[in-house]
Amino acid sequence: MIRSSRCVFTCAAVLVAFVACALSASAAKIVVEAENYNTITPSMAKASSNVASGGAYIHIPLLRPHGDTEGKPADTGNAVYKVNVTQAGTYTFWGRAQWYDGCGNSFFLKIDDKPAVVFGNGGTYRQWHWVKGIKVTLTAGVHTIRIQNREDGAKLDQFLLDTTPRVPVGLETPTPGAIVR
Ligand SMILES: [Ca+2]
């Protein structure tokens, strides 16, 4: 009897440890300030704002005249980030963005060698808000994220990768060491 109850106890302890480990392994979040890029290429530019996280953001400055069609971007201006992913997993990309209007509400998002995808195209204008992007499966290690011009008037303050379904609200605390220099 003693041996058997000890076994049950041991098995339960192992199970609890396993579940705790699995739960902690499934939850990971990496927050990056958009202005904390490795490289930036015009017309992507850094700008200051006292309502942006870290006091700065990146954007494709408005053209004069502002693009009024879903045409080809004026250039391939971009910001590139080398992001340290400490834990393999399937992550949702979110960006804290501000759109000018329906012709200034998106970027191209390119992760590693995957095809570039459209990020944005929502209908909330002239205010910072979190915009949901694609889901991407990443190995542990360094991954390259490129935010590229698609429409002028698009701004990005922060982005994050999250393995959970959590919806970000407000300013997020940047993850220390997220960018590899
Ligand atoms: Ca920022």
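I take buried to mean under 20% relative accessible area, exposed over 50%, and partly exposed in between, with a 1.4 Å probe and protein chains only.

**Basis.** I am reading a predicted model, in which local features need pLDDT of at least 70, side-chain atom pairs count only at pLDDT 80 or more, and totals for chains, interfaces and linings use all residues. Residues are numbered from 1 along each chain as its sequence is written, and side-chain values use heavy atoms, with hydrogens and water left out.

**E8 to E9.** I looked up asparagine 121 and found a positive phi of about 80 degrees, although this residue is not a glycine. At 39% relative accessibility, asparagine 121 counts as partly exposed. It sits in the loop between strand E8 (117-120) and strand E9 (129-138); strands (E, at least two residues) and helices (H or I, at least four) are DSSP runs, numbered from the N terminus. Arginine 126 is in the loop between E8 and E9. Its phi is also positive, about 60 degrees, and it is not a glycine. Arginine 126 counts as exposed, at 52% relative accessibility.

**Cis peptide bonds.** I noted one between proline 42 and serine 43, with omega about 10 degrees; serine 43 is in the loop between E2 and E3. The bond from arginine 64 to proline 65 is cis, with omega near 0 degrees.

Glutamate 35 and serine 53 are buried.
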